[in-house]
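Subject: Handover of a structure for your study

Dear colleague,

Please find the structure below, together with its sequence.

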Amino acid sequence: MAIKTESFILNIGPQHPSTHGVFRLRLILDGEVITDLEPVFGYLHRGIEKLAEGRTYLQDIPFTDRLDYLGSMTNNHAYVMAVEKLAGITVPERAEYIRVILDELQRIASHLAGLGFFLNDLGALQTPLLYMFREREKIVELFDMCSGQRLNYNYYRFGGFVQDLPEEFLPALKKLLDTLPGFIDEYEQLISTNEIVLIRTKGVGVLKRELAINSSAAGPVLRASGVNWDIRRNDPYSIYDRFEFDIPTAQNGDTYDRYMVRIREMRQSVRILRQAVKDLPEGEIMGKAPKLLKPPAGEVYSRIEGPKGELGFYLVSDGTDKPYRWRVRPPCLLNLSALKDMVVGWKVADLMAIFGSIDIVMGEVDR
Amino acid sequence: MSDFWVHLLVYLVILFGFVIVSVLLFIWLERRFIGRFQLRPGPNRAGPFGLLQPIADAIKVLIKEDIIPTESDKGVFWLAPLVAFVPVMLMFAAIPFADGAMLVDLNIGILYILAVSSVTVIGIFMAGWSSNSKYSLLGAMRTIAQEVSYEIPLVLSILGVVMLTGSLSMNEIVKAQSVPFVLLQPLGFFVYLSAAMAEINRTPFDLLEAESEIIAGFHTEYSGMKFGLFYLMEYAEVLAISAIATTLFLGGWQGPLLHPVIWFITKVLIIFMFIIWVRATIPRLRIDQVMAFGWKFLLPLSLANLVITAFEILAAPDMNTAVLIGINIAVMFGLILLFSRFYKLGGGRVSVK
Amino acid sequence: MSALSNTGGGILKGMRLTFKHLFRPWITVQYPEEKLTMSKRIRGTQVIWVKETCIACLACARACPVKAINMEVSRGEDRKLKVDHMSIDFGLCVFCGLCVESCPTKTSIYMGYGYETTTYRCTNVEKAEGQSRSECRCRELILTGDELAPSATRVLSGYDRPDAAEKLAEQTLLINKKGYFER
Amino acid sequence: MTAVLDYQQLKADLSKELPGIEIQAESSFLLALPEDIHHVCQYLVSRPLQMDYLTNLTAADYPEYIEIIFHLNSIVNNTAMTLKTRLTDKTNPKMASVVDIWRGAELQEREIYDLFGVVFENHIGLKRIFLWEGFEGYPLRKDFANGH
């Protein structure tokens, strides 16, 4: 006799401990197995693109902070770079080096937060999260030191920066760089070989290479699927062509690989930081930029490798001081394109692991 | 009044007092220790070292609004916390705090404890079912699957101790331990602790209230004192499990110099600390992995333990204890290594049409 | 340990690590009793306006991306601009610091060093006709005129003001915390 | 460095491959008609160009038309290009969806539908993404009235 069973709908979110914000997943479950899934966006939609069109180019910088709020520095960089390209502003050497330093620090900070939440989703209480936040805290304090705030830095300006780095910055950074690899080793001790983490993540949520490319996945998600694609290497911006670093990739595209790629990326970032600190020249911090910027009419698409993936800005100027069209290419949103293919067939517990390993920030998904 | 009633009254008061006080202490200890593992001080505001924090929490829980979902099965919803809580209290009746210092020295003590502890599952299931919430239902489903399957290795691991003692009475078991049974039964202890942690839903088996997945599992919809009872039940269960492990494997109240009660409490605390330590370190398993671990790993191990114990008793009753301990520990490590190589978790992705 | 991989070796390694952390000093700060010295460039939750040096050029009001600054100026008898009304709505302010950067005198508007401006409730609500609840303003958060002046609790921050930064104490850093670096 | 394709060369190739389509090569982009966009994309994604990575898909509202902008990349060849199309019917703009070519277009097309009102035919589940069902107007169009 066959048992009559019925599948049911389970709403995960918008208020749920592990949706990383206000995100809703409408699951259709057969027991614990997910048979269908529909992500529902928009709970954090603030219309930033529309708001930005009504403000001057300079006034839009604080809005970029509020996209991926765990990666404000890189957001600033991407936007500022797009406008510089549009208006033809050159950036002094020292400013470029500082941009690389801040970007790489931001990458480490963002990965630490992302991995911490990912392990929290796996159910590891908050221990790894707090260990990772300890290191993130040190980086955030450095950002606080130079920009004055801990989350929405608003530090980049067209042509350079608001102010030069304070003199305490470099000694503190060097101290941090000396200890950071040791702490990354500790995380690996705690997590990378833990049997429970291994069986929860290996082979779970596989994103195949073809699908990863086809669904416009970016950043660590794409590289974990075996695609050697990093804007820093493939389309170098700023002064990234001067540094020696590797692009970590993995082959399986599963949850564990996405974790591992992030860990290795942090090590590479430390490597870049060491070179950048060593070569940091003295000099001007601000290039020549008009106070009220009016770029010539035209359009630009400029991109950087943010912590979450390719972060691009598409700007259209009509010659006035306000942008005509202001568009962000959101890596977090596009990494979710293939979520259904990764999740269907797995259990509710795996959904959290997979979702955590994509590392999204709702501020950027919904904008 | 006869001696019987005096004994009953005194011990009831002592037991209730002991359980409530130590549960509050356990909550404080756990939060404090988890805090230290995580590089933060833990609760430190209410009273010295935050000692009054659990009492403050208890008062808060008591005066909170008691919400009953309109679509719930109200009778069952009401009854569930009690059904879950009372059996845990009953378990303490047969646990000896010192030589003979217990409510009743049942000659089937350990059997009674196992039987009573199983009833808790019904309470949890009632809570999950009556809440009429999908999260609660998922949590309750996980509980049933998990607790029923882990009951078997749990009982089998205890059987080894019973075979060595030849008695089911808890007090007799303690008295029989000239050497703590953890040395004679290392494998049994390992299986017991793993299975017991699954029984009481501690990390890494805390699926039924996996916060990041199903919010709070079976007590998602509970609030106020009903939630408080579930909370109390969880910690009382931990206390009971630690006490039973102490009694069966660590020599109970036995120990040199100090008073037996102090020895007993110290050993209970050691087991509890270990459980906290595990909780602070590792993530949780998935439901099918939990089931696989129980059926494919712990069950064969506990059966092997049973056979080995029987063999030792029959074939070599007069063997030197030190040699026996060495053999047992070697056998434990060998078997764990062997079994962990053999068993496959399986599961994984289910094909969905 | 490698023989124990897949057999609990990884778990044991992790447990050893967490055990080591038991003896490390904690990193959290017990806030009301223990306070960190903030960054010299902190953009605190205050904006300080120095009336005496203000030349009423409206640059800050124009730079504000959320139009939180409301400044009304008029020309006095001596043909000089003077400020009639200055108010900043801290319910709108995003503390981006653009007003501070835009100031041509560099001495008239500052970010504040303080960050403790919490109030328990909003008693005075400014509500215009036809406004919804979310659109109305809390009057306690709108500071006007002399309320914006520097005082003992409203210390100037060094954000884009190097001379103000020199007067402030060194920032406390976790990385310099004693007894923390031994691993 | 990602090489940007030569649009004149591309135009010549395209007219040879797909006779009968109208295509314009500007200095920084390729302009196709909305009816042809699906064919053009199919050609671009196939060999030898292998524009397999849809970096960015967005729209911009101009007085006469709505412009749809494709930023394409080839992961294999490390090349990039920009493809545009213009929808002149602003009251009822529609064009063929490219979700069957690039899965990454799914969410971005939904976004364009939500914020610009462009209907993508044959899309796998075209509905509003950020705003709620029943929201009136398309916010990123220039004629949308808003507070600021």
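**Chain D**

Buried residues make up 40% of the 148 residues in chain D. A residue is called buried if 20 or more other C-beta atoms lie within 10 Å of its own, exposed if 12 or fewer do, and partly exposed in between, with the C-beta atoms placed from the backbone.

Before going further, please note that this is a predicted model, in which local features need pLDDT of at least 70 and side-chain atom pairs count only at pLDDT 80 or more, while totals for chains, interfaces and linings use all residues. Residues are numbered from 1 along each chain as its sequence is written, and chains are lettered from A and ligands numbered from 1 in the order in which they are written.

The pLDDT is the predictor's confidence in each residue, from 0 to 100. For chain D its mean is 83, and 98% of the residues reach 70 or more. Where pLDDT is low, the predicted coordinates should not be read in detail.

Chain D has 3 helices and 8 strands. Helices (H or I, at least four residues) and strands (E, at least two) are DSSP runs, numbered from the N terminus. Along the sequence of chain D they follow the pattern β-α-β-β-α-β-β-β-β-α-β. The radius of gyration of chain D is 16 Å, close to the 15 Å that the globule rule gives for 148 residues, so chain D is as compact as a globular protein of that length. This radius is taken over C-alpha atoms, and the globule rule is 2.2 Å times the number of residues to the power 0.38. The C-alpha trace of chain D spans about 45 × 30 × 30 Å along its principal axes.

Two residues are said to be in contact if their C-beta atoms, placed from the backbone, lie within 7 Å. Of the contacts in chain D with a separation of 6 or more, 46% come from residues 24 or more positions apart.

UniProt, in an unreviewed entry, lists residues 34-145 of chain D as "domain: NADH:ubiquinone oxidoreductase 30kDa subunit". UniProt positions are given in the numbering used here, feature names are shortened, and annotations may be inferred rather than shown by experiment. In the model, this span is 19% helix and 29% strand, and its end C-alpha atoms lie 28 Å apart.

**Chains A and C**

The secondary structure of chain A comes to 15 helices and 8 strands. Its radius of gyration is 21 Å, close to the 21 Å from the globule rule for 367 residues, so chain A is as compact as a globular protein of that length. Along the principal axes, the C-alpha atoms of chain A fill a box of roughly 80 × 45 × 35 Å. Of its 367 residues, 61% count as buried.

In chain C there are 4 helices and 7 strands, in the order α-β-α-β-β-α-β-β-β-β-α. Of the 183 residues of chain C, 31% count as buried. Among contacts in chain C between residues at least 6 apart in sequence, 72% join residues at least 24 apart.

Helix α10 (residues 224-249) of chain B has 26 residues and reaches 37 Å from its first C-alpha to its last, close to the 38 Å expected at 1.5 Å a residue. The expected span is 1.5 Å times one less than the number of residues. Of the 26 residues of α10(B), 22 are buried, and the helix is thus mostly covered. After α10(B) comes G251(B), whose phi is positive, near 85°.

Helix α4 (residues 109-130) of chain B should span 32 Å with its 22 residues, and its end C-alpha atoms are 33 Å apart, which agrees. It is followed by N132(B), with a positive phi near 60°.

**How the chains meet**

The predictor gives the complex an ipTM of 0.84 and a pTM of 0.88.

The contact between chains B and C takes 12 residues from chain B and 13 residues from chain C. On the chain B side, α1 (3-37), α11 (260-281) and α13 (321-342) each give two or more residues.

Chains B and D do not touch, and their nearest C-alpha atoms are 18 Å apart. No contact joins chains C and D either, whose closest C-alpha atoms lie 10 Å apart.

Yours sincerely,
A colleague
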